[in-house]
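These are my notebook entries on one chain, written while I looked up a few local features and then the overall layout.

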Amino acid sequence: MRGLASAGQLNSQAARDIVTMDMEPGYFWFGAYRNFNLLVWRRGVELDAVERLERTNPERVKAHPERISTVHIVAEGSGGGPTPEARDALNTMHARYGHTVGCAAVVIERGGLMGLAVRSAATGMLMLAPKHYRVKVFDHVDEAAPWLAEHHARSTGVEVALPDLLSVLHVARESGKKP
């Protein structure tokens, strides 16, 4: 794991505290900030990425017994929704770790038919997911941040300042791009 901070790149201490858990540039980026898991999908979600995500969970859950909130960002220009194998693995992961989640935001930046397909896949997965926590779908991180800050505080007891969370989400959104 390594911090993302570099001089001049980030504008807040919160963003400097982001840690990269795993990444493959141009494909995915998994990061952490306090008791938030941050996931950015730059092309479709495949089983190998979900398996790598799964390997980060035990450490994060152990470090945060107060629960963890999760943000999935499906970046503009990404491939599509998860493959059937990835969808099954995500559903299994939700069943296994759902009781450890405070709340979740899914940000789908795709428009058009591909955006509709991704939203449809996300809705199907939400219908199968355990109902341990609240989940909401958004079009942009700026819309997600206020809802996420409020529901995170309610469900985990950990408050985060909205400007800090916005900075973290913007940095996460830009992470994992191909150089």
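**Entry 1, the second largest cavity.** I began with the second largest cavity, whose volume comes out at about 50 Å³. It belongs to a structure that holds 2 cavities of 30 Å³ or more. For the search, a cavity is a set of points on a 1 Å grid over the protein atoms alone where a 1.4 Å probe fits but cannot get out, and lining residues have an atom within 4 Å of a point. Grid points are joined across faces, edges and corners, and a volume is the space filled by probe spheres set on the points.

I note for all entries that this is a predicted model, in which local features need pLDDT of at least 70 and side-chain atom pairs count only at pLDDT 80 or more, while totals for chains, interfaces and linings use all residues. Residues are numbered from 1 along each chain as its sequence is written, and side-chain values use heavy atoms, with hydrogens and water left out.

I then listed the lining of the second largest cavity, which consists of Met21, Phe30, Gly31, Asn37, Leu38, Leu39, Leu53, Thr56 and Arg60. Sorted by class, this lining has 5 nonpolar, 3 polar and 1 charged residues, where Ala, Val, Leu, Ile, Met, Phe, Trp, Tyr, Cys and Pro count as nonpolar, Asp, Glu, Lys and Arg as charged, and the others, Gly among them, as polar. At least two lining residues come from each of β3 (28-33), β4 (36-41) and α2 (47-63); helices (H or I, at least four residues) and strands (E, at least two) are DSSP runs, numbered from the N terminus.

Is Asn37 buried or exposed? Asn37 is buried because its relative accessibility is 13%, and the class buried means under 20% relative accessible area, exposed over 50% and partly exposed in between (1.4 Å probe, protein chains only).

Its side chain makes a polar contact with the side chain of Arg60 at 2.7 Å. I take a polar contact as a pair of N or O atoms within 3.5 Å; within protein, one must be able to donate a hydrogen and the other to accept it, and residues adjacent in sequence count only if both atoms are side-chain atoms. Leaving out residues up to four places away in sequence, Asn37 touches Gly31, Asn57, Arg60, Ile68, Ser69, Thr70 and Val71, with contact meaning heavy atoms within 4.5 Å.

I next looked up Ser155 in helix α5 (residues 141-156), which counts as buried because its relative accessible area is 18%. What does the side chain of Ser155 reach? It reaches the backbone oxygen of Gly102 at 3.1 Å. Apart from neighbours within four places in sequence, Ser155 is in contact with Glu66, Arg67, Ser69, Gly102 and Cys103.

Arg67, one of the contacts of Ser155, has a positive phi of about 95 degrees although it is not a glycine. Arg67 lies in the loop between α2 and β5 and is partly exposed, with a relative accessible area of 24%. Arg34 also has a positive phi, of about 45 degrees, without being a glycine. Its place is the loop between β3 and β4, and at 37% relative accessibility Arg34 counts as partly exposed.

Val74, in strand β5 (residues 68-74), is buried at a relative accessible area of 9%. Val74 and Ile108 are 34 residues apart in sequence, and their C-alpha atoms are 4.8 Å apart in space. Leu90 in helix α3 (residues 84-97) is buried at 5% relative accessibility; Leu90 and Leu47 are 43 residues apart in sequence and 8.8 Å apart, C-alpha to C-alpha.

Of its 179 residues, 53% are buried. Among contacts with a separation of 6 or more, 72% join residues 24 or more positions apart. The chain exposes about 8500 Å², and carbon and sulfur atoms supply 55% of it; accessible areas come from the Shrake-Rupley method with a 1.4 Å probe, and for residues only the protein chains shown count as cover.

Definitions and conventions. On a 1 Å grid over the protein atoms alone, a cavity is a set of points where a 1.4 Å probe fits but cannot get out, and a pocket is an open set with protein on both sides within 12 Å along at least five of seven lines; lining residues have an atom within 4 Å of a point.
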